[in-house]
Amino acid sequence: MYRSQSPDTSEEVDRFQMDLFRAQSPAEKLRTVFALNRLSLALAAQGMLELHPDASEEEIRWRVASQWIERDQLRQIIPAHLRDIVAP
């Protein structure tokens with residue numbers, strides 16, 4: 001029995017997409033991963049911008065980074081003028 005990779009995608013489209021992935025060379029797969037990573041960062045930045053419409057580009061970048069960096073580590077590297085965006 002086939003198990004879909006995504007509940008909102010038909011089996012036919014899901015199988016087609018998986019066949020495309022399988023046909024990619026390792027270099028193509030890596031390029032795909034990098035492109036998807038850039039897309040996820042852009043979407044995260046857009047979401048942060050919607051939540052904080054008056055934030056500077058620098059603040060948005062740090063807010064996005066805060067989603068992946070531990071709070072204690074972030075407080076050590078974030079510029080002093082932006083430390084208030086990191087929860088204590």
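**Salt bridges**

I began with Arg 22, which pairs with Asp 19 in a salt bridge whose closest N and O atoms are 3.3 Å apart. My cut-off is a side-chain nitrogen of Lys or Arg within 4 Å of a carboxyl oxygen of Asp or Glu. Both residues sit in helix α1 (residues 11–23), three residues apart, about one turn of the helix. Helices here are DSSP runs of H or I with at least four residues, numbered from the N terminus.

I noted the sources too: this is a predicted model, where local features need pLDDT of at least 70, side-chain atom pairs count only at pLDDT 80 or more, and totals for chains, interfaces and linings use all residues. Residues are numbered from 1 along each chain as its sequence is written, and side-chain values use heavy atoms, leaving out hydrogens and water.

Next I checked exposure (buried under 20% relative accessible area, exposed over 50%, partly exposed in between, 1.4 Å probe, protein chains only). Arg 22 is exposed at 58%, while Asp 19 is partly exposed at 46%.

Arg 63 and Glu 59 are both buried.

**Helix contact**

Which residues of α2 meet α3? I listed Leu 41, Ala 44, Ala 45, Met 48 and Leu 49, against Ile 60, Arg 63 and Val 64 in α3, with contact meaning heavy atoms within 4.5 Å.

Notes
Helix = DSSP H or I, 4+ residues; strand = E, 2+ residues; numbered from the N terminus.
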